[in-house]
Amino acid sequence: MSFAVDASAYDRFMGRFSAPLAEEFVRMLDLEQGWRALDVGSGPGALTLELSKVLGESNTVAVDPSESFVAALRESFPGVEAAVASADDLPFEDGAFDVSAAELVVHFMPDPVAGIREMGRVTRRNGVVGACVWDFGGDRAPLAPFWRAVGDLDPDAPNESERAGTHRGDLERLFAEAGLRDIRSEALIVTVEFASFDAWWEPFTLGVGPAGAYVAALDERRRAELVRRCADLLPSAPFSIESAAWAVVGRA
Ligand SMILES: C[S@@+](CC[C@H](N)C(=O)[O-])C[C@H]1O[C@@H](n2cnc3c(N)ncnc32)[C@H](O)[C@@H]1O
């Protein structure tokens with residue numbers, strides 16, 4: 001799996017975007033003191049950090065199928081209970097949490113409705129279930145310039161915009177199908193600055209996620225072509241990338 005990677009590689013590749021996204025996303029969850037929260041597909045803990053800032057580590061639980069991410073999360077957050085588990089089979093009782101949330105995870109779930117329904121199962125009645133996914137469909141994901149360059153050179157290459165939840169209205173439909181109520185949505189905007197092209201490109205070589213897996217499979221010539229195409233598409237440094245994520249919250 002392309003998430004069986006070192007947590008620091010993930011943080012350099014996607015954490016630079018997902019950490020500021022978590023600050024926005026947590027606001028939508030309307031957390032209340034004393035609540036117990038579950039971070040589903042936590043990775044090394046971008047959202048875990050924001051949940052535990054409000055609720056405390058002892059009220060925050062995290063799960064992820066990647067053992068390296070769970071190990072890193074345990075080191076960073078010693079007071080957070082963390083387990084290796086997937087969204088569609090959460091090792092918790094019905095109604096164990098007041099809130100469960102998945103940041104940038106639904107599009108990786110093999111069966112997103114089953115995963116969201118399972119998040120609803122472990123959340124108490126009227127508790128909050130939330131999810132957000134980058135707007136790949138609207139070409140506003142942080143990786144959009146990369147996938148645009150890939151598409152220019154290799155039109156048959158897979159593209160993350162084919163995944164569930166990546167288009168306007170997708171997450172709302174998945175939440176409704178999973179039986180959640182009072183569904184509301186927002187587009188969350190995140191801006192990240194880059195001092196140089198290399199600072200933007202280098203983390204793509206670390207093998208993280210579908211983009212990292214794509215780069216890792218290229219020979220030297222095709223990789224150099226891709227680097228040139230990306231450089232052509234990006235503004236000259238320093239530059240910033242503004243990204244948007246679809247975020248949805250519902251009640252269990
Ligand atoms: C893009 S990362 C997001 C990590 C973290 N939530 C963040 O915002 O930085 C996607 C995460 O989903 C996890 N994942 C993949 N399939 C999953 C599934 N079926 N259930 C739960 N998590 C899953 C991956 O291991 C990875 O940590």
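**Note on the ligand site and the aromatic rings**

1. A nitrogen atom of the ligand has a backbone N or O atom of Gly41 at 2.8 Å, which is a polar contact (a pair of N or O atoms within 3.5 Å). The model is predicted, with local features needing pLDDT of at least 70 and side-chain atom pairs pLDDT 80 or more, while totals for chains, interfaces and linings use all residues. Residues are numbered from 1 along each chain as its sequence is written, and side-chain values use heavy atoms, without hydrogens and water.

2. The shell around the ligand comprises 11 nonpolar, six polar and two charged residues. Among the 19 residues around the ligand (a heavy atom within 4 Å), those that come nearest are Tyr10, Ser18, Gly41, Asp64 and Glu103.

3. The structure contains 13 aromatic pairs, that is, rings of Phe, Tyr or Trp (its six-membered ring) with centres within 6.5 Å. Trp201 and Phe204 are stacked (planes under 30 degrees apart), because their ring centres are 5.6 Å apart and their planes meet at 15°. Both residues, Trp201 and Phe204, are buried, meaning under 20% relative accessible area (1.4 Å probe, protein chains only).

4. Ring pairs join Trp201 and Phe204 with Phe13, Phe146, Trp147, Phe197, Trp200 and Tyr214 in a cluster.

Key:
Polar contact = N/O pair within 3.5 Å; in protein donor to acceptor, adjacent residues only side chain to side chain. Nonpolar A, V, L, I, M, F, W, Y, C, P; charged D, E, K, R; others polar. Phe/Tyr/Trp six-rings, centres within 6.5 Å; stacked < 30°, edge-to-face > 60°. Buried < 20%, exposed > 50% of the residue type's maximum accessible area, 1.4 Å probe, protein only.
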